[in-house]
Amino acid sequence: LRLGRAAEFRDMETGMHIRRISELAKTLALLAGISQEESEILRHAAPLHDVGKIGIPDRILLKPEKLDDAEVQIMRTHTLIGATILCEADEFPVITAGRVVALQHHEKWDGSGYPFGLCGTGIHIFGRIVMIADIFDALTSQRPYKKAFPLEKALEIMKEGKGTFFDPGLLELFL
């Protein structure tokens, strides 16, 4: 929890975001049939999904408008930075799960995500769950560069990503 809170010192909205992601991820994990114990591990690991943003320069992380292509490439490194921060902790299940989540929460079902272009069930279920929770929260929350979408519009956008962005079965459970 303390490591996950580190992001709050950079951006207060990120702090609120990680709390929402945590609860959404646990609930979706339980709906997917993941055990109470593993769902609880994910609840504590999910806040670590963006811990790598600690290594992103403020001029990019806090930029109030759309990022250019070079800035997007730098922002995408937060997955690798997060995984590096959380490596070599195999004796701690939450940190191990957090590493998976940090590394894979931008991988897409169709293989067009990053950093590795993983696809389908090649993406750990924790990464697939956190991706759904993360995008839902991003769509329904105001950010410096956009207004929050109404719930109906956010769900419509997510439905369009079924089978491309999102695991179709997990998205159905989420919806």
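## A lysine in a loop

In this predicted model, Lys63 is found in the loop that runs between helix 4 (58–61) and helix 5 (69–76), where helices are DSSP runs of H or I with at least four residues, numbered from the N terminus. Lys63 has 18% relative accessibility and therefore counts as buried, a word that stands for under 20% relative accessible area with a 1.4 Å probe and protein chains only. Leaving aside residues up to four places away in sequence, Lys63 touches Asp58, Asp68 and Glu71, contact being heavy atoms within 4.5 Å.

## Helix 8 against helix 9

Helix 8 (residues 125–140) packs with helix 9 (residues 151–160) at an angle of about 140°, and their axes are 9 Å apart. The two helices are therefore oblique to each other, the class left over when angles under 35 degrees (roughly parallel), over 145 (roughly antiparallel) and 65 to 115 (roughly perpendicular) are set aside. Axes here are lines fitted to C-alpha atoms over the stretch in contact, and angles run from 0 to 180 degrees between N-to-C directions.

The contact is formed by Ile132, Phe136, Leu139 and Thr140 of helix 8, together with Leu151, Ala154, Leu155, Ile157 and Met158 of helix 9.

## Helix 3 against helix 7

The axes of helix 3 (residues 36–45) and helix 7 (residues 93–104) come within 8 Å and cross at roughly 65°. Ile41, Leu42, His44 and Ala45 of helix 3 meet Pro93, Val94, Ala97, Gly98 and Val101 of helix 7.

Residues are numbered from 1 along each chain as its sequence is written.

How values were computed. This is a predicted model: local features need pLDDT of at least 70, side-chain atom pairs count only at pLDDT 80 or more; totals for chains, interfaces and linings use all residues. Side-chain values use heavy atoms; hydrogens and water are left out. Buried means under 20% relative accessible area, exposed over 50%, partly exposed in between (1.4 Å probe, protein chains only).
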